[in-house]
Each structure stands twice: as C-alpha cells, then as structure tokens.
Amino acid sequence: MFLKAHRVAYTEHEYAYVEHSGTEVSARALGVPEHDVVKTLVMQDENAKPLIVLMHGDRKVSTKNLARQAGVKRVEPCKPQAAQRHSGYQVGGTSPFGTRKKLPVYLERSILALPKIYINGGRRGFLVGLAPAALERTLAPRLVEVALDD
C-alpha cells in the first residue's frame, strides 16, 4: 500500500521462506545476486531508540561505524520482539515501508549504485523489486558507509 500511495513502480516476487536463512535463499529463488537483495535491519542506540538500516544481503553492518555516523555512542540489533513492536512486521518479513512508527532510516550508500534491488515487501517470502532511487524518494534515508564483508 505504501509503494502504491507513493507511486513507486515495483515488481512482486514470492519465494518459499526458510527460517533463519537470511538473504541467500531469496536471492537463489529469484535468480539474482545476493548483493542486490537488501535486508531491513531494526537496530537501536544506547537509549533503546530504534532505527532501520538497509544493507546488502551479502554484507554485515559495522555497528561501530554506524554509531559514529549516526552520532550516537552505541548501536546494536534489537531483540526480535522489540523489532516487531517498533516496525509492526514479523522478523523475517520486515519492510522499511509503512512501519508502525516512523523510524530513522540509514541506507548503505553503495545500494544506490545498483540498477534494481529486491527488498522485503512486508511478509515472509515476499520481496519487491524496485529502483534504489525509490528508497531515497520515499524514505529520506541518511546515507552511510558501514558495510563489512560477510
């Protein structure tokens, strides 16, 4: 609904969800590089304030670098229950679009260089394909460089 409301062109892609499989299974099912699958991570700072990080599927987030670039002391992943409470989405199906609360979004800058990305559409086993520029237009993210090789 969020993408339609913001007039974002997208394609829908369903796959058989596998618990704790990360982006490897979805990339293989769609026949795309795991680097082009963007994961939505719900994290929090030292005051338990939530934030979203959008990262390549085959990379990890340097929480140390993210904290520095976000201007906070510390960043860590939220526990699954907290992530679900903040985003309104079940872990494994978290989308950056239409979250329960408006959360600050941090986007790995190199994602914008991709021709097309695949990102969670709001439920497990469902990705949407879209131009990465749509992330900038609809989410107004802060661009960061915090990727680590997985």
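Me: Which element gives the largest share of the lining of the second largest pocket?

Reply: Strand 7 gives the largest share, three residues. A pocket is found on a 1 Å grid over the protein atoms alone, as an open set of points where a 1.4 Å probe fits, with protein on both sides within 12 Å along at least five of seven lines; lining residues have an atom within 4 Å of a point. Strands (E, at least two residues) and helices (H or I, at least four) are DSSP runs, numbered from the N terminus. Please note that this is a predicted model, in which local features need pLDDT of at least 70 and side-chain atom pairs count only at pLDDT 80 or more, while totals for chains, interfaces and linings use all residues. Residues are numbered from 1 along each chain as its sequence is written, and side-chain values use heavy atoms, with hydrogens and water left out.

Me: What volume does the second largest pocket have, and which residues are the closest to its centre?

Reply: A volume is the space filled by probe spheres set on the grid points, which are joined across faces, edges and corners. Here the second largest pocket has about 290 Å³. Of its 14 lining residues, Met1, Phe2, Leu3, Tyr89 and Gly121 are the closest to the centre.

Me: What is the volume of the largest pocket, and which element supplies the largest share of its lining?

Reply: The largest pocket holds about 750 Å³ of space. Among the 30 residues that line it, Gly22, Thr40, Leu41, Val91 and Gly92 are the closest to its centre. Strand 2 supplies the largest share of this lining, seven residues.

Me: How should I read strand 6? Are its residues buried or exposed?

Reply: Buried means under 20% relative accessible area, exposed over 50%, and partly exposed in between (1.4 Å probe, protein chains only). In strand 6 (residues 105–108), Val105 and Leu107 point one way, Tyr106 and Glu108 the other, and all are buried.

Me: Which strands pair with strand 6?

Reply: Two strands pair if DSSP finds at least two bridges between them. Strand 3 (residues 50–56) runs parallel to strand 6, with three bridges, and Val53 stands opposite Tyr106. Strand 9 (residues 142–144) is also parallel to strand 6 and joined by three bridges; Val144 is the bridge partner of Glu108.

Me: Which residues touch the most other members of the largest nonpolar core?

Reply: A nonpolar core is a set of buried Ala, Val, Leu, Ile, Met, Phe, Trp, Tyr and Cys residues joined through side-chain atoms within 4.5 Å. Of the 23 residues in the largest one, Leu54, Phe97, Ile117, Ile119, Leu130 and Leu135 touch the most other members.
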